[in-house]
Amino acid sequence: MACCFSNSLSYGCKRWPQNLFNWNFGNNKTNSRPQPKYHDIELPFPHSLVNQTFLKGRELKCCYKATVDGFSATEFHNSSDFKGPCVMIGYTNKSFKFGAFNPEGYRSTDDYYDTFDAFLFYWTEEDDSDFPIVLPKIGGSSAALFDYARGGPQFGADGLLIGPPLAPVMGGFAGPDTNSGIGDLRQAKSRLGLSYAKRADGKESLFGDESKASLDEVLVFCSPQIASLY
């Protein structure tokens, strides 16, 4: 049987693409990978905060800004998934500033991750320095992070939940492409002492005297260099 050989691999007379995913590396712009967008925002935290993480020394950019991209969990994941380790910053409607570090990043897996490397942090009005107070993971490494496709950032079962899913998460579901039970990142709640350390003043909520908070802004910062590897 004659075999057809041209610019593509052949089996018999059936043509196959030159590479596994049929990407054309010429001037075909229709197959070019879309470039992620980043917001031009100055870092609202000292870069030294991540000196003990994979983000040390790397350029950090804002990949998600809730007031621009939207407060729904779907919009959060559309901007934050597959960006690698990231820092989240939140601002409450009472001008309280806080944040968290996720060493695993987001992928809408509907799963949880065990790690000692995640942490929460916050600033106090009395503290004149730019460096926040860090609250480490406690009680072992288990269930430090949750990556619900229909929810926003979640640290521990109760340490910090921003825009939690509005409906139970089923084990067989994965991916943000649903309109059912999508969390709203304007809402947050916190209980410290089980998954993450209590505040320096002994209060059992990241927000102080209140277990819940309304948020005016949520930002996520990542390394474009690491994000480009996904």
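Patches are made of residues with over 30% relative accessible area and no salt bridge, nonpolar side chains (Val, Leu, Ile, Met, Phe, Trp, Tyr) being joined within 5 Å and like charges within 9 Å. A salt bridge places a side-chain nitrogen of Lys or Arg within 4 Å of a carboxyl oxygen of Asp or Glu.

The model is predicted: local features need pLDDT of at least 70 and side-chain atom pairs pLDDT 80 or more, while totals for chains, interfaces and linings use all residues. Residues are numbered from 1 along each chain as its sequence is written, and side-chain values use heavy atoms, without hydrogens and water.

**View 1. A nonpolar patch on the surface formed by Phe 82, Leu 229 and Tyr 230.** Together these residues have about 340 Å² of accessible area (Shrake-Rupley method, 1.4 Å probe; for residues, only the protein chains shown count as cover). Tyr 230 lies in the segment after helix H3 (224-227) (helices are DSSP runs of H or I, at least four residues, and strands are runs of E, at least two, numbered from the N terminus). Tyr 230 counts as partly exposed because its relative accessibility is 37% (buried is under 20%, exposed over 50%, partly exposed in between; 1.4 Å probe, protein chains only).

**View 2. The largest nonpolar core, with 34 residues.** Such a core joins buried Ala, Val, Leu, Ile, Met, Phe, Trp, Tyr and Cys residues through side-chain atoms within 4.5 Å. Phe 98, Phe 155 and Leu 160 have the most contacts inside this core (contact: heavy atoms within 4.5 Å). Elements giving two or more residues to it include helix H2 (73-80) and strand S13 (212-222); the largest share, five residues, comes from S13.

**View 3. A second, separate core of 15 residues.** Among its members are Leu 55, Cys 62, Ile 89 and Ile 226.
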